[in-house]
Structure formats: C-alpha cells, structure tokens
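Subject: A structure to look through, with notes

Dear colleague,

Please find the structure below, followed by some notes that I hope you will read with the view open beside you.

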Amino acid sequence: MEYRIGVISGDGIGPEIVREAKKVLDQVGKVYGHTFAYDEILMGGISIDKTGEPLTDGAIAQAKASDAVLMGSIGGNTSTSPWYKLPPELRPEAGLLKLRKSLGLFANLRPAYLYNELKEACPLRDEIIGDGFDMVIVRELTGGLYFGKRVTEERGGLKTAEDTLTYNEEEIRRVAKRGFDIAKKRRKKVTSVDKANVLDSSRLWRSVVEEVGKDYPDVTLEHMLVDNCAMQLVKDPRQFDVILTENMFGDILSDEASMVTGSIGMLSSASLNDTKFGLYEPSGGSAPDIAGKGIANPIATILSGAMMLRYSFDLDREADAVEEAVRQALREGIRTIDIMPQQEGGRESVVQVGTAEMGDLIVQRIQKYECVTESEG
Ligand code: NAD
C-alpha cells in the first residue's frame with residue numbers, strides 16, 4: 001500500500017535527523033512491501049528565509065493532503081538568530097502553532113520508556129526502576145487553561161489577573177477515546193488524572209472519562225489526583241501504562257515523565273486529530289549548538305516514525321520492527337554522544353557513532369516479524 005507522508009525537515013538538526021527516519025521508513029517499506037511517498041513541506045526558519053512567513057497557506061494545504069506528517073524541528077538560537085528579531089507571529093514557532101491549530105490536533109502523545117541499556121541516565125534509584133518502565137502520556141492539547149479567556153485589569157485598586165479553565169464534554173470525550181484506543185494496543189490500563197476534589201472542570205472530566213470507559217470493558221480505568229500522580233511518577237513509575245489528562249496537567253507531567261527517562265534525543269511524540277492523521281516529531285528542539293556536526297541522536301525521530309506507522313497507518317508489526325531494531329542497536333552498545341555512559345568504566349562495551357551511522361545501523365536491524373510481541377527489553 002502507498003502512504004503519503006508530509007515531511008517538515010525544518011531547521012538546525014531537523015534535516016539531519018529526518019533523513020535517518022526516512023531511511024528507516026524506506027527499509028520498512030522494502031521489508032514489508034509498502035511504499036512511502038514523501039512531500040517536502042517548508043516550515044519554521046527555512047520557510048521565513050524562502051517565503052517571508054513561518055508557514056504558508058500552501059504548506060498547510062500540503063500537510064492536509066498527506067496521510068501523516070513527520071517533522072524534525074524548527075527554530076534557531078533564540079539570542080542570536082535574526083528570526084527572533086521578527087514580530088512573534090512571524091517567528092519560526094508561530095508556524096508550528098498555526099499548523100497544530102489548522103489540523104485540529106487535540107491529542108498529544110508522549111511516550112516515556114526507559115531502555116534497560118540506558119538505565120544509568122535515569123535519576124531514580126535501581127529498586128524503583130526495576131526492569132524499567134513504559135508509559136504514554138495522552139494530553140489534551142487544544143482546550144483548558146491555555147486556551148480560556150484571560151484578562152489582567154485593575155480591580156478595587158489592585159492589579160488582578162484571571163485565566164479561565166474551560167472544557168466541554170465533547171472535548172473531553174474525544175481525547176478520552178484516543179487514550180482508551182491507545183491503551184487497547186498496549187497493556188490495557190488508563191490512569192485518568194484530574195483535580196476532582198477541587199475543580200468543576202475535573203469533575204466533568206472524571207464523569208465523561210467514566211462514561212467513555214464503559215465502551216472499553218477490557219481496559220482497566222483508575223482515577224488519580226494530579227498532585228498524587230506527580231509523586232507516583234518518581235515513586236513507582238512502573239504502575240503506569242496510559243496516563244490521560246488535560247492540557248496543563250499533561251504539560252507538567254509529560255516533562256516530569258520524560259526527565260526520568262534520560263536523554264531528550266530518545267523521546268518521540270505525536271499529535272493527533274479525530275481522523276487517523278497525525279503530526280509526529282521528536283520532543284527535542286532544533287539543537288542549534290550541534291547542528292551540522294553530524295552528531296545529533298536520530299532515535300527520537302525514528303521512533304516518531306514508528307508511532308506514525310502504529311497510530312496513523314495501523315501498521316503495528318512494522319512499528320514493532322522499528323522499535324525492536326532500536327533496542328537491538330542499543331543492546332549491541334551503539335551510542336550517539338548524548339547517550340554515551342558518563343562513567344569512564346562504562347565506555348569499554350559501547351561504540352560511539354554519528355547521526356548517519358546510527359540510522360544505517362538501525363536500518364540493518366529492521367526485520368520481518370510474523371507476530372506482534374508485547375513490549376520486551
Ligand atoms: P533543544 O531541545 O533544541 O536543545 C536542548 C539541548 O538538548 C541541547 O544541548 C541540544 O544539543 C540537546 N539535544 C536536543 N535534541 C538532541 C538530539 N536529537 N541529539 C542530541 N542532543 C540533542 O532546546 P533549545 O536549545 O531550548 O531550543 C533550540 C530551538 O529549538 C529554539 O528555537 C526552540 O524554540 C526550538 N524548539 C523547537 C521545538 C520543535 O520544533 N517542536 C521544540 C523545542 C524547542
């Protein structure tokens with residue numbers, strides 16, 4: 001089957017890491033008999049340089065015509081790049097916000113997976129880590145406090161600021177369905193996080209999630225208050241499979257969860273709407289400090305490609321093959337500089353490679369599996 005992938009290489013390390021993800025997808029295509037056709041889309045600083053805008057209407061139309069979009073990263077050095085002397089609506093990041101809005105991407109997925117081989121990068125104690133953890137945070141992305149009415153004004157002689165946290169039942173239902181659908185493909189547990197002991201919006205959240213959960217009898221649902229969840233993430237992260245939560249709680253919890261996994265170069269993400277369409281990108285930025293040096297870690301982008309196979313194309317076996325190839329490369333001691341062991345002694349059993357070599361070595365490890373294996377490693 002042929003899939004049309006919009007590709008936003010972007011700025012900084014973006015083109016370097018996207019190139020490797022495309023290599024891996026092409027190998028998946030070869031091994032499993034699919035064709036991936038790429039359409040290059042301009043966004044970010046490179047688009048400003050070429051068109052005067054961070055994202056043109058034409059680029060949005062290209063993204064809409066794709067089955068999914070794979071992105072590297074956008075932006076430059078915020079202190080020195082001329083892009084940051086432009087008005088905010090013309091800066092690189094404005095392109096990404098406009099794209100998310102135009103495509104209605106309301107569900108953000110951030111996996112937090114601890115590879116056995118990279119355990120030493122995890123700041124938690126060994127007895128807490130155990131065999132490692134594997135969770136996905138599903139965050140509502142287009143509602144809540146960040147999108148509510150806000151005002152700063154003088155009230156009774158005092159400068160006063162007000163932000164509004166609003167959710168309607170439909171906004172909650174659609175992201176909850178996403179969370180349960182994802183749990184069905186994983187270990188079948190949803191932890192819905194709210195502050196229902198205080199907030200009305202959280203009480204509505206909880207009741208709608210309960211209602212949606214009834215359509216997924218094979219998925220276990222539990223509720224957790226956000227303050228408790230922040231503690232549990234560092235006390236016992238292995239208990240989580242899918243964490244489903246609203247925009248601001250998800251913003252904070254997903255950064256906390258990713259910190260406990262180690263390198264930013266390993267973390268993939270996806271933003272989905274109510275069709276199969278998704279925007280897939282690494283969690284890190286354009287890393288201007290290492291751009292052009294050929295040393296960036298392409299794994300987060302490669303794993304974002306695996307998420308695209310799983311969530312937009314329903315190619316679970318193919319996604320498993322990519323994830324297993326990454327695990328295999330790590331097992332064999334292949335590392336980019338950001339995931340090299342910090343201790344001198346740990347370096348004897350590993351080999352340091354650059355961006356392109358890491359991509360090539362993962363390509364070589366893509367194999368055909370006849371059946372889906374539950375996450376191992
Ligand atoms: P950053 O994530 O680009 O870099 C932070 C640190 O992590 C740097 O030391 C960098 O070298 C390292 N790093 C990031 N990705 C890596 C990789 N794949 N391999 C190895 N090391 C990696 O964050 P920043 O420096 O704060 O931001 C730089 C630019 O990126 C800014 O313009 C920012 O706005 C933009 N940004 C874009 C996105 C996006 O495109 N979605 C996200 C975050 C930041």
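Which residues does Gly-44 touch, not counting residues up to four places away in sequence? Before the answer, a word on how to read everything here: this is a predicted model, in which local features need pLDDT of at least 70 and side-chain atom pairs count only at pLDDT 80 or more, while totals for chains, interfaces and linings use all residues. Residues are numbered from 1 along each chain as its sequence is written, and side-chain values use heavy atoms, with hydrogens and water left out.

Gly-44 touches Asp-11, Pro-54, Ile-74 and Pro-92, where contact means heavy atoms within 4.5 Å. Gly-44 lies in the loop between strand 2 and helix 2 (45-51); helices (H or I, at least four residues) and strands (E, at least two) are DSSP runs, numbered from the N terminus. With a relative accessible area of 0%, Gly-44 is buried, a word that stands for under 20% relative accessible area, whereas exposed is over 50% and partly exposed is in between (1.4 Å probe, protein chains only). Although Gly-44 and Pro-54 are 10 residues apart along the chain, their C-alpha atoms are separated by 4.7 Å.

The ligand

There are 23 residues around the ligand, and those that come nearest are Gly-76, Tyr-84, Glu-93, Gly-285 and Ala-287; a residue is counted as near if one of its heavy atoms lies within 4 Å of the molecule. By class, this shell has 10 nonpolar, 9 polar and 4 charged residues, with Ala, Val, Leu, Ile, Met, Phe, Trp, Tyr, Cys and Pro counted as nonpolar, Asp, Glu, Lys and Arg as charged, and the others, Gly among them, as polar.

Which backbone atoms lie 2.7 Å or 2.8 Å from an oxygen atom of the ligand? A backbone N or O atom of Gly-76 is at 2.7 Å, and one of Ala-287 is at 2.8 Å, while a polar backbone atom of Ser-286 is 3.1 Å from a ligand oxygen. These are polar contacts, that is, pairs of N or O atoms within 3.5 Å; within protein, one must be able to donate a hydrogen and the other to accept it, and residues adjacent in sequence count only if both atoms are side-chain atoms. On its own the ligand has 810 Å² of accessible area, of which the protein covers 68%, the areas coming from the Shrake-Rupley method with a 1.4 Å probe, and for residues only the protein chains shown count as cover. Strand 3 (68-73) and helix 4 (92-102) are the elements that give two or more residues to the shell.

Ala-287 is found in the loop between strand 12 (278-282) and helix 10, and it has a positive phi of about 40° although it is not a glycine. Most residues other than glycine have a negative phi.

Helix 8

In helix 8 (residues 226-235), Val-226, Cys-229, Gln-232 and Leu-233 are buried. They cover an arc of only 110° around the axis, which puts them on the same side of helix 8; the arc is that of the directions from the helix axis to the C-beta atoms. Met-231 and Lys-235, on the other side of helix 8, are exposed. Among the elements that cover the buried residues are strand 5 (134-140), strand 9 (220-225) and helix 9 (247-259).

His-34 sits in the loop between helix 1 (14-32) and strand 2 (35-40), and at 16% relative accessibility it counts as buried. His-34 and Met-1 are 33 residues apart in sequence, yet 5.0 Å apart in space, C-alpha to C-alpha. The side chain of His-34 also makes a polar contact, at 2.7 Å, with the side chain of Glu-318.

Ser-304, in helix 10 (residues 299-311), is buried with a relative accessible area of 0%. Its side chain reaches the backbone oxygen of Ala-300 at 2.7 Å, and, leaving aside neighbours within four places in sequence, Ser-304 is in contact with residues including Leu-70, Ser-268 and Tyr-280.
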